[in-house]
Amino acid sequence: MKITTAGAVRWLVELEPTAADLMNRHLASAREWFPHQYVPWTLGRDFDGPLDGRSWHPDQSVLSPAVRSALVVNLLTEDNLPGYHWTIGAQTSRDGAWGAWLHRWTAEEDRHAGSIRAYLHAARAVDPIALERARMAQLGIGAVPEPAGVLGVVAYAAVQELATRVSHRNTGRLSGDPVCERLLARIAQDENLHMVFYRELLRAALELSPDPVLAVLDGTVRDFAMPGQGMPGFARMAAEVAVAGVYDLRVHHDEVLVPLVRSLRLFELTGLGPVGERARDRLAEHLERLDTRAARFVERRDQALAARARRGAPAPAVPAPASPASPSGRTGAA
């Protein structure tokens, strides 16, 4: 449902000049790239089916199970683009600078799913049938985050875009495949520019009225969940991704939340009212608790991996704590 509250209109109007400036800055910073140039087409072979090719088998993939899971999670997250477009458009606007950004952002994001899927198929990295079934299930559920209002969208997107950038970058770095790493590094560059747009909108909003912005940001950070949580098999894949160090509580704290808080200089703001002070205190307490939980998880993981190395045993099942990457789910496509 389209929002019409006076508060929403106020933020749309007051932030639109900043959105226009940031849109122009984005267009000046973004570099054109072509997904087909990043896909290893020469590795491609016909699959079984109408073309009577070779069926997929795990032995055909050069990637570890954890990296395969990370790629599936990343791809299915990107596949939900129609839902994200609708959500952002419903809470902001499809006109003016807001609309121009929404359409540009959508066009850039659309490249990500297409290029990752093409890589996975050409490199035979994952089971293509399970992957397609997971895509159909994911989009059929229609589960996407629904942050409330203009500030909710901006705050959530600032965190989520940075988290996505880090996840893509770490997946590529740990893949052991230079082609995969190059593709995901290029996608991460897009995600970084998207994060900058939303982060700087947050900064402008803080300058206008810090108390309500801090309240929304505090709630967003404490309740944050990655947008792929409704996908089939998410719990299992998220646990594998966490154990591998692609994305876990330590990464979420150190590489997403802390850099964002520092960039916005939230703990240096002055002139806050009671609402802003309480929100900032809650945020500080949340970061401290998260840091403690992350340290415990890393310690348990390191102990389990060391025990595994001593035994020469398969990778251990390290319990991943409740986090932005570990809710419940069903077996999936990796």
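## Helix 3 and its surroundings

The buried residues of helix 3 pack against helix 2 (65-79), helix 4, helix 6 (149-175) and helix 7, where contact means heavy atoms within 4.5 Å and helices are DSSP runs (H or I, at least four residues) numbered from the N terminus. In this predicted model, local features need pLDDT of at least 70 and side-chain atom pairs count only at pLDDT 80 or more, whereas totals for chains, interfaces and linings use all residues. Residues are numbered from 1 along each chain as its sequence is written, and side-chain values use heavy atoms, with hydrogens and water left out.

Helix 3 spans residues 81-91, and because eight of its eleven residues are buried, the helix is largely enclosed by the rest of the structure; buried means under 20% relative accessible area (1.4 Å probe, protein chains only). The buried residues are L81, Y84, H85, T87, I88, G89, A90 and Q91.

## Aromatic pairs

The model has five aromatic pairs, counted when ring centres of Phe, Tyr or Trp (its six-membered ring) lie within 6.5 Å, with planes under 30 degrees apart called stacked, over 60 edge-to-face and the rest tilted. W101 and F197 form a stacked pair, 3.7 Å centre to centre with 5 degrees between the planes. This pair links distant parts of the chain, as W101 lies in helix 4 (residues 96-122) and F197 in helix 7 (residues 178-208), 96 residues apart.

W101 counts as buried at 2% relative accessibility, and F197 counts as buried at 3%. Together with Y198, W101 and F197 form one aromatic cluster.

## Charges over rings

The charged end of R10 sits over the ring of W11, 4.4 Å from its centre, a placement that requires NZ of Lys or CZ of Arg within 6 Å of the ring centre and within 35 degrees of the ring normal. R124 lies over the face of F47, at 4.0 Å from the ring centre.

Definitions and conventions:
Helix = DSSP H or I, 4+ residues; strand = E, 2+ residues; numbered from the N terminus. Buried < 20%, exposed > 50% of the residue type's maximum accessible area, 1.4 Å probe, protein only.
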